[in-house]
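Let's take a guided walk through a protein model together. Have a look at the structure below, and keep it in view while you read.

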Amino acid sequence: MTRHGKNCTAGAVYTYHEKKKDTAASGYGTQSVRLGKDAIKDFDCCCLSLQPCRDPVLTEDGYLYEKEAILQYILHQKTDIAKKMKAYEKQKRALKSEGQLESKFEERERAEKFKQRENNIVSKPINPFTSDKSKDEGSQKGSSSSSSSDTGVSSSSSALPSFWIPSLTPEAKPTLLKKPSKTVLCPMSGRPLKMSDLISVRFTPLDPSLDRVALLTRQDRYVCAVTKDTLGNSVPCAVLRPSGVVVTMECVEKLIQKDMIDPVTEDKLKEKDIIPLQRGGTGFAGSGVALKAKEARPVMQA
């Protein structure tokens with residue numbers, strides 16, 4: 001078998017790399033890309049701004065946010081919901097007025113039909129001296145006039161106007177708005193989010209003497225509040241709700257779950273007070289985090 005380079009197109013074999021290159025250039029077919037470490041956020045970064053948090057807060061699902069960013073998000077969502085609700089109420093009033101107009105039009109039509117029926121009921125005196133011939137002639141005239149009217153209708157129906165005339169084209173009706181939900185949803189988990197449910201998080205710095213700028217330049221910034229182990233994306237962490245401190249899951253399993261007492265505030269803990277922190281993962285396949293991004297594109301089928 002011949003040896004092929006990645007950009008060699010003179011060989012007789014259609015290589016895998018050539019197939020991937022042609023698929024990317026064609027614009028068809030689903031593409032999947034494996035994410036590297038540079039595409040993954042750190043464990044102490046905000047899920048919205050993707051920057052290290054100054055005042056971190058945590059949701060009940062374990063997603064970390066900058067307090068300013070998540071409050072701006074909640075405020076923006078509430079204003080957006082208010083705009084949608086206003087548009088929905090306006091549409092509701094318009095539909096109600098249209099329904100009232102239609103009901104008035106139907107009542108008017110019913111009244112006109114009733115008048116026509118009442119006018120047709122008026123009786124005329126019958127002349128007993130008229131002959132049967134005149135009646136037959138009248139019936140013949142009536143039948144001829146009805147046949148002529150039928151032919152006129154058929155001729156008019158056969159000569160339909162052109163369908164491309166703007167007055168005969170179907171009108172595009174506006175799409176009906178659905179009633180918006182008043183609940184603000186978490187941008188990561190999609191579950192309901194309230195400001196009162198946010199938990200303040202306190203990271204324990206590796207070196208308390210360093211200021212924030214010097215701390216952010218270091219790769220290892222924070223440690224466990226109990227065991228002083230270095231925290232990172234490869235270390236599973238948890239946040240204790242009463243104190244807000246960050247500890248490793250190893251510390252939770254070996255120390256905290258025995259007594260179920262917060263080591264900082266000494267408050268009694270419940271299972272829901274230990275919230276696992278959602279990490280960004282590492283560049284390795286064994287990190288337990290999905291590291292593949294997919295883009296669905298049109299597929300050509302023979």
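Does Glu250 count as buried, partly exposed or exposed? Glu250 counts as partly exposed, because its relative accessibility is 46%, a value that lies between the 20% limit for buried and the 50% limit for exposed. Before we go further, please keep in mind that this is a predicted model.

## Salt bridges

How many salt bridges does the count come to? The count comes to six salt bridges.

| Salt bridge | N to O distance |
|---|---|
| Arg221 and Asp44 | 2.9 Å |
| Arg241 and Asp273 | 3.2 Å |

Salt bridges can also share partners: Asp42, Asp44 and Arg221 are joined into one network in this way.

Let's look at the pair Arg221 and Asp44, whose side chains meet in a salt bridge. Arg221 sits in the loop between α4 (212–216) and β6, while Asp44 sits in the loop between β1 (31–34) and β2, so this pair ties together parts that are 177 residues apart in sequence. Are these two residues buried or exposed? Arg221 counts as buried, at 9% relative accessibility, and Asp44 counts as buried too, at 2%.

Now turn to Arg241 and Asp273, another pair whose side chains form a salt bridge. This pair links distant parts of the chain, 32 residues apart: Arg241 is in the loop between β7 and β8, and Asp273 is in the loop between α5 and β9. Arg241 counts as partly exposed, with a relative accessibility of 27%, whereas Asp273 counts as buried at 9%.

Now let's move to the inside of the model. In soluble globular proteins, nonpolar side chains tend to be buried together. In this model, the largest nonpolar core has 40 residues, and those with the most contacts inside it are Leu58, Tyr65, Ile70 and Val247. Several elements give two or more residues to this core, among them the strands β2 (56–58), β3 (64–66), β7 (237–240) and β8 (246–248). Which element gives the most to this core? That is α2, with five residues.

Val252 lies in helix α5 and is buried, because its relative accessible area is 0%. Val252 and Val226 are 26 residues apart in sequence, and their C-alpha atoms are 9.7 Å apart in space. Val245 is placed in the loop between β7 and β8, and it counts as buried at 5% relative accessibility. From the C-alpha atom of Val245 to that of Val264 there are 8.0 Å, although the two residues are 19 apart along the chain.

## Charged patches on the surface

Which residues form a negative surface patch? Glu98, Glu102, Glu106, Glu107, Glu109 and Glu112 do. One of them, Glu112, lies in helix α2, which covers residues 67–120. At 46% relative accessibility, Glu112 counts as partly exposed.

A positive surface patch is formed by Lys92, Lys96, Lys179 and Lys182. Find Lys179 in the loop between α3 (132–158) and β4 (199–200). Lys179 counts as exposed because its relative accessibility is 59%, and exposed means over 50%.

## Two backbone angles to notice

Finally, let's look at the backbone. Most residues other than glycine have a negative phi. What is the phi of Lys228? Phi of Lys228 is positive, about 65°, although Lys228 is not a glycine. This lysine is found in the loop between β6 (222–223) and β7. Met260 also has a positive phi, near 55°, and is a residue other than glycine. Look for Met260 in the loop between α5 and β9. Met260 is buried, with a relative accessible area of 14%, because buried means under 20%.

Technical notes
Residues are numbered from 1 along each chain as its sequence is written. This is a predicted model: local features need pLDDT of at least 70, side-chain atom pairs count only at pLDDT 80 or more; totals for chains, interfaces and linings use all residues. Side-chain values use heavy atoms; hydrogens and water are left out. Patches are made of residues with over 30% relative accessible area and no salt bridge: like charges are joined within 9 Å, nonpolar side chains (Val, Leu, Ile, Met, Phe, Trp, Tyr) within 5 Å. Accessible areas come from the Shrake-Rupley method with a 1.4 Å probe; for residues, only the protein chains shown count as cover. A salt bridge is a side-chain nitrogen of Lys or Arg within 4 Å of a carboxyl oxygen of Asp or Glu. Lys and Arg count as positive and Asp and Glu as negative; His and the chain ends are not counted. The place of a charge is taken as NZ of Lys, CZ of Arg, CG of Asp or CD of Glu. Helices (H or I, at least four residues) and strands (E, at least two) are DSSP runs, numbered from the N terminus. Buried means under 20% relative accessible area, exposed over 50%, partly exposed in between (1.4 Å probe, protein chains only). A nonpolar core is a set of buried Ala, Val, Leu, Ile, Met, Phe, Trp, Tyr and Cys residues joined through side-chain atoms within 4.5 Å.
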